[in-house]
Amino acid sequence: MDIERLNSFIVKARVAALARIATVARSSEAGTFHLVWREGEWCYVDSSSEETPLVGRQTVSFHRELIWMMNYYGSVRHPELVDPELLEETVIPALADMYSQHRFLGGFERSCPRGRCVDRSDGNATGFHGRTVIIVDGMEAVVSCYFGGLITETTSLAELEWERPAIVH
């Protein structure tokens, strides 16, 4: 797998999602949706819930084969401090800055009069983990953690020699 090409595609897809030009598709699961971006044989899907937009996963397929995935989970810890404008003042410009540098990992900091967004991550597109926080009045008002990387061939659990636990009825 060409990691630079994968990284480039992920950045393009995230720009499309951020700019709201990715296709929005309903999921078969109630209350969930997908943001979809396609380019040739590449396909990016960001799946999340309308009720919990800070929980979801992003996948990349190449030639219809799943090759990359990221899971994310976040929460608003102080809802009295957070509104859509705060997110647009902190996270959106920070992501746009990072994407303009042709990257989606590596961290960033973005301050605005009402708060500060800080992201830290380790790794690269092959395997990574990170954490993003929005700090308002010295408190972590929004926290999101993420991890992911390449999907590789591994030994299935069925192929391992292990004793299955007894099922208690």
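Predicted model: local features only at pLDDT ≥ 70, side-chain atom pairs only at ≥ 80, totals over all residues.

Reader: Where is Asp119 placed?

Author: Asp119 sits in strand S7, which spans residues 115-124.

Reader: Which side chain of opposite charge is nearest to Asp119?

Author: For a salt bridge, look for a Lys or Arg side-chain nitrogen within 4 Å of a carboxyl oxygen. Here the nearest side chain of opposite charge is Arg120, 6.5 Å away. Asp119 is buried and has no salt bridge.

Reader: What polar contact does the side chain of Asp119 make?

Author: The side chain of Asp119 meets that of Tyr146 in a polar contact of 2.8 Å. Tyr146 is also among the residues Asp119 touches beyond four places in sequence.

Reader: Is Tyr146 buried or exposed?

Author: Tyr146 has 10% relative accessibility, so it counts as buried. The cut-off for buried is under 20%.

Reader: Now the rings. How many aromatic pairs are found in the whole structure?

Author: The search finds 6 aromatic pairs. Take Phe128 and Tyr146: their ring centres are 6.3 Å apart and their planes lie at 50°, so the pair is tilted. Phe128 belongs to strand S8 (residues 127-136) and Tyr146 to strand S9 (residues 139-150), so this pair ties together parts 18 residues apart in sequence.

Reader: Why does Phe128 count as buried?

Author: Because its relative accessibility is 6%.

Reader: Which residues do ring pairs link into a cluster with Tyr146?

Author: Trp68, Phe104 and Phe128 join Tyr146 in that cluster.

Technical notes. Residues numbered from 1 in each chain as written. Heavy atoms only, no water. Helix = DSSP H or I, 4+ residues; strand = E, 2+ residues; numbered from the N terminus. Buried < 20%, exposed > 50% of the residue type's maximum accessible area, 1.4 Å probe, protein only. Lys, Arg positive; Asp, Glu negative; His and termini not counted. Polar contact = N/O pair within 3.5 Å; in protein donor to acceptor, adjacent residues only side chain to side chain. Contact = heavy atoms within 4.5 Å. Phe/Tyr/Trp six-rings, centres within 6.5 Å; stacked < 30°, edge-to-face > 60°.
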